[in-house]
Amino acid sequence: CVLHCWSLFVLLLMCLDLHTLVESAPICAHGHTGCHSPTLSDLFDRVIQHSARMHGLSSDLHSDFEQYFLPSRNQIGRINRKCHTAYILTPNGKENAQRLAREELTEVILKLLAAWRDPLSQFHRSMARHEDFTSISGNKALEMSDMVHQLKNGVEKVAEKMQLLGMISNSLMSLSSTEALAPHSASSEARSMSDYELLYCFRRDSNKVQNYLKILKCRIVAEHGC
Amino acid sequence: MMSRDSGASLILSLLISAVLDSDGLSPPGKPRLTSCRSPEKETFTCWWEPGSDGGLPTNYSLFYRKENSDTVYECPDYHTAGRNSCFFSKNDTSIWVNYNITVVATNALGSNFSDPVDVDVVYIVQPHTPENLTVVLEDEDNPFLVVRWEPPRMADTRSGWITLIYQLRVKLEKEEEWEEHFAGQQKQFNIFSLHSGEVYMVQVRCKPDHGFWSEWSATTYVKVPDYISRERSIWILIAVFSTFIFFVFIWTMHINRNSVKHFLLPPVPGPKIKGFDTQLLKSGKSEAVFSALVIQGYPPTSYYDDLLVEYLEVYDNKEQVLMLDRKDLQESLFKSKSSSDTDSGRGSCDSHTLLMEKCVEPKEDQTMMPQVKDSEASRDLVMKNDSNTPESTNVKTKTWPTICSSYHYDQNPCYHSIPEMPRQCHISSNHFASTHQQDYWESPADIYHKKPPSGYRYAQAYSEFNIKGIALKEATFPASKSLEYVEVQHVNQENTLILKPIGQEGPDLFHAACTGHDYSRVNRVVSDNVFLLQRDTSGQCHSDCQEREAPVRSCTQQQPGKPADHLQVPRVQETHLAPNGYVDTATMLSY
């Protein structure tokens with residue numbers, strides 16, 4: 001019996017996925033019985049943690065860039081061009097964000113996340129080509145690129161849950177339409193951006209996403225943490 | 001010419017500047033933006049440091065441009081935040097927008113622009129200090145501090161717009177170093193392990209997830225009342241208990257100090273030898289001590305001769321054919337094997353006697369013994385029970401016929417036979433074999449017994465005689481190397497000379513005396529059972545012939561002396577003198 005218990009324990013350990021913190025965990029399908037689906041609050045906590053991690057990575061990479069790549073003095077702290085996500089109307093203040101409807105806020109988040117999938121993979125590829133960049137930064141870039149994708153999935157799950165719970169109306173556009181609405185010029189514009197510009201823009205946009213999610217959570221799930 | 005003009009203009013400009021400087025008038029110095037901060041991520045303020053004013057009233061103005069817009073705006077509020085500051089209200093503040101801010105200093109003489117600064121409000125957030133810091137002492141018996149606070153008023157954490165994390169620090173009033181604790185997002189914290197009767201100081205501050213730490217809040221003082229901590233009381237209890245245990249332990253050791261001493265310092269064990277008396281040794285009588293160790297009879301003194309001698313000395317005569325009855329021989333051998341073997345070192349002397357004895361096969365005849373004993377009175381004779389003789393003889397000679405013959409054949413000067421005497425060898429036809437087997441001679445040595453045979457007879461057999469009871473022939477005994485000699489025991493009715501070997505009962509003596517071809521010469525007969533042997537000056541057999549219980553040997557004496565009356569000499573025609581001048585005692589018959 002002891003041997004069986006021990007072997008079971010070892011198997012359990014092996015099966016444990018230690019990346020659940022940063023990955024969006026699979027959520028049970030609607031209406032399935034016997035499956036303990038996480039609450040909306042848990043879902044929100046997960047995506048918020050995920051977005052915080054993503055933003056942290058982008059901040060680190062940005063500071064690394066400023067340190068080691070030494071862009072010209074007139075470039076530090078600003079870029080000359082607009083971010084390619086400028087077409088997305090994002091609330092620039094608390095009132096604006098609170099004035100926005102939940103559906104719209106969710107939509108903005110999803111748009112932002114969708115807009116950054118390709119540019120980040122591009123960024124990662126260009127990072128790999130840089131000899132000066134350390135491997136750690138390269139890993140961060142890769143992780144960041146993956147995180148965007150996973151975060152988007154997570155937010156989609158949250159949106160689904162919200163729609164299921166009736167907290168938001170079903171007027172939320174689907175993902176495909178979200179991406180379709182993106183102007184074609186945005187992607188081309190992203191391709192022409194330099195690495196530093198990409199990092200600068202992404203750092204900002206990840207902060208936006210994190211903030212919007214927090215606002216959304218506190219608006220929908222009224223907890224004492226809010 | 002030219003140089004004179006330039007020099008003149010230079011001097012002129014210098015004069016003008018000197019005049020102006022003496023008045024302190026100059027365009028303003030370059031201002032510098034020191035910092036921009038937002039307390040709640042909804043408004044922000046920028047401060048600048050003015051340069052030199054140049055002596056004239058200088059006006060400072062702040063201009064900013066928003067990201068990707070060329071519109072230049074001026075600071076909306078110069079006063080709210082104090083001097084040399086610009087306060088951006090909520091309406092003017094856009095988050096996630098890059099502000100390009102410049103300060104211009106202007107006076108009557110000129111203006112001066114500061115270096116532009118790019119600001120994104122998100123990254124310049126520094127909240128106010130937390131508010132409503134309360135420290136409460138709870139649980140009088142084991143008190144601890146409960147510290148509570150509120151976030152800064154302006155920071156909107158409730159809507160999730162801004163997330164703050166807190167940190168507090170504590171120290172005793174008299175100490176220097178603060179003890180910092182990280183509280184995370186919670187607004188409460190407990191402090192344990194307080195010193196009784198001390199005053200504590202508590203402070204707290206906060207920070208947004210991406211931003212700057214706020215200032216430390218106002219210090220809150222709290223006094224901890226006097227109390228005995230549970231921890232200390234427990235230690236006191238443990239100390240008392242262990243002291244008690246310790247004393248009990250010491251007392252127990254004191255009671256049992258002897259056994260403890262034995263345990264720790266075991267006594268050195270003395271020697272343990274059987275029979276060894278240490279007290280005796282201490283008294284100094286070493287001999288007595290060591291004598292006790294001596295075990296009688298150890299080591300077993302073996303008669304090495306016994307061991308050495310396994311074989312009889314056998315002198316083979318060609319004329320003789322030895323017959324053997326193997327089977328009977330073995331039987332007799334095994335029978336007599338049980339007794340000890342004292343046939344040691346007899347040498348040829350003894351071996352001959354041995355063989356002679358064996359010839360007769362000394363059989364333990366109880367009936368004979370008394371006779372022998374009786375014959376002690378008349379020791380000169382060996383009385384034989386004639387009734388027993390035939391069978392004994394038969395039996396005896398059964399197995400040893402040829403030995404006898406060989407014996408007689410191998411006689412040395414030691415042996416003196418009486419040729420005239422008819423000898424009879426009783427032969428058993430059954431066992432007569434004309435085979436000479438060498439190994440036969442070995443066995444007699446093993447089975448030779450020292451027990452003096454009560455009586456025996458000898459039978460001589462010649463090879464010619466292979467018939468039982470055949471008449472005798474005169475034995476002619478060629479001179480041989482025989483070392484043995486026999487003495488005539490008696491003459492039976494048939495005129496047969498019964499011989500016996502000499503020195504039956506005293507093999508040891510003989511052994512000692514006779515080695516090899518030794519024999520002794522009888523000096524005289526002293527008494528009934530004593531005859532003196534003369535020492536052989538030639539270095540041969542020496543033996544001290546002492547009292548013999550066995551059939552008495554007749555001792556020859558050189559001196560003229562009458563032989564004892566008990567000596568019955570058979571009709572000896574002549575005394576055959578041994579070649580070396582000795583008279584074989586065998587010739588002197590004794591009955």
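The structure is a predicted model.

The two chains meet through 27 residues of chain A and 24 residues of chain B. The size of an interface is often given as the accessible area lost when the parts come together. Between chain A and chain B, the buried area amounts to about 2,100 Å², and carbon and sulfur atoms account for 43% of this area. Of the area that chain A buries against chain B, 28% is supplied by A:Asn92, A:Lys94 and A:Arg204, more than by any other three residues.

Eleven residue pairs are in polar contact between chain A and chain B, with both residues of each pair at pLDDT 80 or more. The side of chain A that touches chain B draws two or more residues from each of two elements, helix H3 (94–99) and helix H9 (195–220) of chain A. H9(A) provides the largest share of that side, with eleven residues. By residue class, the side of chain A that touches chain B consists of eight nonpolar, ten polar and nine charged residues. Six salt bridges are found between the two chains. One of the salt bridges joins B:Lys90 to A:Glu95, whose closest N and O atoms are 3.6 Å apart.

Within chain B, strand S6 (residues 98–107) pairs with strand S7 (residues 110–113). The pairing is antiparallel and extends over four bridges. The two strands, S6(B) and S7(B), form a hairpin, with two residues between them. B:Asn107 has B:Gly110, a residue of S7(B), as its bridge partner.

In chain A, A:Thr90 is located in the loop between helix H2 (40–69) and H3. The relative accessibility of A:Thr90 is 15%, and the residue therefore counts as buried, the cut-off for this class being under 20%. When residues up to four places away in sequence are not counted, A:Thr90 touches A:Val108, A:Leu112, A:Lys208 and A:Tyr212. With A:Lys208, the contact includes a polar one between the two side chains, at 2.8 Å. A further position is A:Ile109, 19 residues from A:Thr90 along the chain; the C-alpha atoms of A:Thr90 and A:Ile109 are separated by 8.9 Å.

Technical notes
Residues numbered from 1 in each chain as written. Chains lettered and ligands numbered in written order. Predicted model: local features only at pLDDT ≥ 70, side-chain atom pairs only at ≥ 80, totals over all residues. Heavy atoms only, no water. Contact = heavy atoms within 4.5 Å. Buried area = accessible area lost by both parts, 1.4 Å probe. Salt bridge = Lys/Arg side-chain N within 4 Å of Asp/Glu carboxyl O. Polar contact = N/O pair within 3.5 Å; in protein donor to acceptor, adjacent residues only side chain to side chain. Nonpolar A, V, L, I, M, F, W, Y, C, P; charged D, E, K, R; others polar. Pairing = 2+ DSSP bridges. Buried < 20%, exposed > 50% of the residue type's maximum accessible area, 1.4 Å probe, protein only.
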